[in-house]
Amino acid sequence: MASSLTLARAVAQSLVAASSTPRPSRSVITSATVCAAPIGLRSSAHSSSSCFFAGSLAVNKLSPATRLVSVRAHGTGQIVASSNGSSAPLPGLPIDLRGKRAFIAGVADDQGFGWAIAKALASAGAEILVGTWVPALNIFESSLRRGKFDESRKLANGSMFDIAKVYPLDAVFDTPEDVPEDIKNNKRYAGSSKWTVQEVAESVKNDFGSIDILVHSLANGPEVTKPLLETSRKGYLAAISASSYSYVSLLKYFAPIMNPGSSSLSLTYLASERIIPGYGGGMSSAKAALESDTRVLAFEVGRKHGIRVNTISAGPLRSRAAKAIGFIDKMIEYSTANAPLTKELDSGDVGNAAAFLSSPLASAITGSVVYVDNGLNAMGLAVDSQSLVVEEAVKV
Ligand code: NAD
């Protein structure tokens, strides 16, 4: 590991030196293999010799005094080593979640934001509990057991993060009394019990006593592919129930078992405030409700329990849910063509932001919509539009 770091540092230093001559704003070397500590792991925790990821070095064009070299681990979004050109270790501002326990609702594979958030929180030392939608539970648990997710369970120091317990959950139902007969008798629910929100909160209380971090990373809109104008009342209300009220319900039942200073997060999308044709079925309305509720809930649980409430507005990611909408590849293409930052969003970017927001470093941030989307939300026009082809002024 030492030689890898030395190599990385040497390359970085030569880039810093070379960048004192005029050059494009950013130089990137890809595929430098580097091993270093992730955010939140102390130096003693990264003595592993296993170097399993490829990294990239990026030099920002800043004044020489503030120029920073960072090493980014692919697939984690983590800045794993940094240097200002000196070899002295940084004093550090770690995201340290050791001793904290997180419950993440909406994890059923390793492709979505829920998993990435679980991984980032685990990297920072938190204990991880997840809530998995009942119909997806068997396949998720058997895939976990069979080692299908082992590669993505690896942390930057080579160890694997564990999920302390997987709870069956259907966030559309608050209490057992709410469950209709057809669901009770549905064979996808047979074999699981105590999966309403109230019961899951009770089970977590019985098993672990309390939590410190609550994450809502779930959504469902049965008519998402239909334009709003063609969405049925039933489809619209189902989208709101699964994607917005589910968060109110989670906070209602979990807040009493959350320790003072706890943090809660959800995931939203730009369609709440800007027109995104194709994100239909009332899902745009559901995200607008989720963002509004973030503010009101921040006040209510802030005053009552001292809990913070924020939502991350994430850029497009090729998750299972997003693939079901049907045009996620186009959305990713659009973002890389038009956002201020032209890289594809890494789920780890959202994981890292979630770890920060869940940590004491964010102790004064609540009621916020935090954009983790390469800046796409800030754009007022699509710079790749055919209508702009002759407009030199918009070229950067
Ligand atoms: P995902 O498929 O990984 O996560 C969605 C999860 O919701 C799944 O695990 C699914 O089983 C679960 N779920 C659905 N209905 C449920 C219910 N009734 N009870 C419990 N769980 C239920 O996909 P993702 O894209 O990572 O979605 C996570 C969050 O991120 C969602 O809120 C989504 O709207 C949001 N988001 C996604 C994108 C994107 O491009 N993928 C962009 C912005 C925001």
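Colleague: Which residues of β5 are on one side and which on the other, and are they buried or exposed?
Modeller: Arg-101, Phe-103 and Ala-105 are on one side, Ala-102 and Ile-104 are on the other, and all are buried. Buried means under 20% relative accessible area, exposed is over 50%, and partly exposed is in between, with a 1.4 Å probe and protein chains only. Strands here are DSSP runs of E with at least two residues, helices are runs of H or I with at least four, and both are numbered from the N terminus.

Colleague: What kind of model is this, and how are residues numbered?
Modeller: It's a predicted model, where local features need pLDDT of at least 70 and side-chain atom pairs count only at pLDDT 80 or more, while totals for chains, interfaces and linings use all residues. Residues are numbered from 1 along each chain as its sequence is written, and side-chain values use heavy atoms, with hydrogens and water left out.

Colleague: Okay, back to β5. How many bridges join it to β6?
Modeller: Five, and β5 and β6 run parallel. Two strands pair if DSSP finds at least two bridges between them. Phe-103, for example, has Leu-129 as its bridge partner in β6.

Colleague: Which helix does the chain pass through from β5 to β6?
Modeller: Helix α2, residues 113-123, and this β-α-β crossover is right-handed. That term applies if, with the strands pointing away from the viewer, the path from the first strand over the helix to the second runs clockwise.

Colleague: And what about β8, how many bridges join β5 to that strand?
Modeller: Four, and these two strands also run parallel. There, Ala-105 has His-216 as its bridge partner.

Colleague: New topic: how many salt bridges does a search of the whole structure find?
Modeller: The search finds 13. A salt bridge is a side-chain nitrogen of Lys or Arg within 4 Å of a carboxyl oxygen of Asp or Glu. One of them joins Arg-320 and Asp-109, at 3.1 Å from N to O. Arg-320 lies in helix α9 and Asp-109 in the loop between β5 and α2, so the pair ties together parts 211 residues apart in sequence.

Colleague: Is Asp-109 buried or exposed?
Modeller: Asp-109 counts as buried, at 13% relative accessibility, whereas Arg-320 is exposed at 58%.

Colleague: Where do Asp-207 and Lys-165 sit?
Modeller: Asp-207 is in helix α6 and Lys-165 is in strand β7, 42 residues apart. Their side chains meet in a salt bridge of 3.0 Å, N to O.

Colleague: Which residues are linked in a network of salt bridges?
Modeller: Asp-150, Arg-153 and Asp-162.
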